[in-house]
Amino acid sequence: MHVADGMWKILDMGSLIFSQWTMLTVVLIRGLAIVWILGIIWVAKDANERIKSVVIQVAAILLATALGPLWVVIYKILRPPHYRKDLLLLNIMRAQVQSCPKCGEWNTLEHQYCSSCGKKIKQSCKECHSLVALTQEYCSNCWAPNL
Ligand SMILES: [Zn+2]
Ligand SMILES: [Zn+2]
């Protein structure tokens, strides 16, 4: 009888450990599922704010569904650097300033010489003689090529 009692005790301990492992596994899988779903939601929201093409948005979401947290990491590397709503502002800013071809400094469009390195950043158009930034491909006054 004593031997049988001991055996039951060992079996009970074994099943206790086993059931705790199972619970741990359930908790881990549930945790992973939550992380997975949150990843998909985050990618969907972020892709909508950054990517114009609906097809690419859907592709990003599908990849998030398939790869989960792994895709979140890859997506963060691949995604466009700017929000779509900021692109317009960025383009407006670019239209107000010119970058120096020599040092890269931003100068307002009125500048003829770079405020940082002094390089001439405008030349007169061969057709209409208005001042054109060196970085412009065409004269914005008469549309002659800026050679
Ligand atoms: Zn410069
Ligand atoms: Zn011109």
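Visitor: How are α2 and α3 oriented to each other?
Guide: They are oblique to each other. Oblique is what remains once angles under 35 degrees (roughly parallel), over 145 (roughly antiparallel) and 65 to 115 (roughly perpendicular) are taken out. One caution on what you see. This is a predicted model, where local features need pLDDT of at least 70, side-chain atom pairs count only at pLDDT 80 or more, and totals for chains, interfaces and linings use all residues. Residues are numbered from 1 along each chain as its sequence is written, and chains are lettered from A and ligands numbered from 1 in the order in which they are written.

Visitor: What angle do α2 and α3 pack at?
Guide: About 140°, with the axes of α2 and helix α3 (residues 69-78) 6 Å apart. Axes are lines fitted to C-alpha atoms, for helices over the stretch in contact, and angles run from 0 to 180 degrees between N-to-C directions.

Visitor: Which residues meet there?
Guide: Ala60, Leu63, Ala64 and Leu67 in α2 meet Leu70, Trp71, Val72 and Tyr75 in α3. Contact means C-beta atoms, placed from the backbone, within 7 Å. That contact has eight nonpolar residues, no polar and no charged. Nonpolar covers Ala, Val, Leu, Ile, Met, Phe, Trp, Tyr, Cys and Pro; charged covers Asp, Glu, Lys and Arg; the others, Gly among them, are polar.

Visitor: And α1 with α2, how do they cross?
Guide: At roughly 165°, with the axes of α1 (residues 2-50) and α2 (residues 54-67) coming within 9 Å. That makes the two helices, α1 and α2, roughly antiparallel.

Visitor: New topic. Is Val55 buried or exposed?
Guide: Exposed, with 8 other C-beta atoms within 10 Å. The cut-offs: buried at 20 or more such atoms, exposed at 12 or fewer, partly exposed in between, with C-beta atoms placed from the backbone. Val55 sits in helix α2.

Visitor: How much of the chain is buried?
Guide: Buried residues are 10% of the 147.

Visitor: What is the radius of gyration?
Guide: The chain has 32 Å, while a compact globule of 147 residues would be near 15 Å. The radius is taken over C-alpha atoms, and the globule rule is 2.2 Å times the number of residues to the power 0.38.

Visitor: How many helices and strands in total?
Guide: Four helices and four strands. Both are DSSP runs numbered from the N terminus: H or I of at least four residues for helices, E of at least two for strands.

Notes
Contact = placed C-beta atoms within 7 Å.
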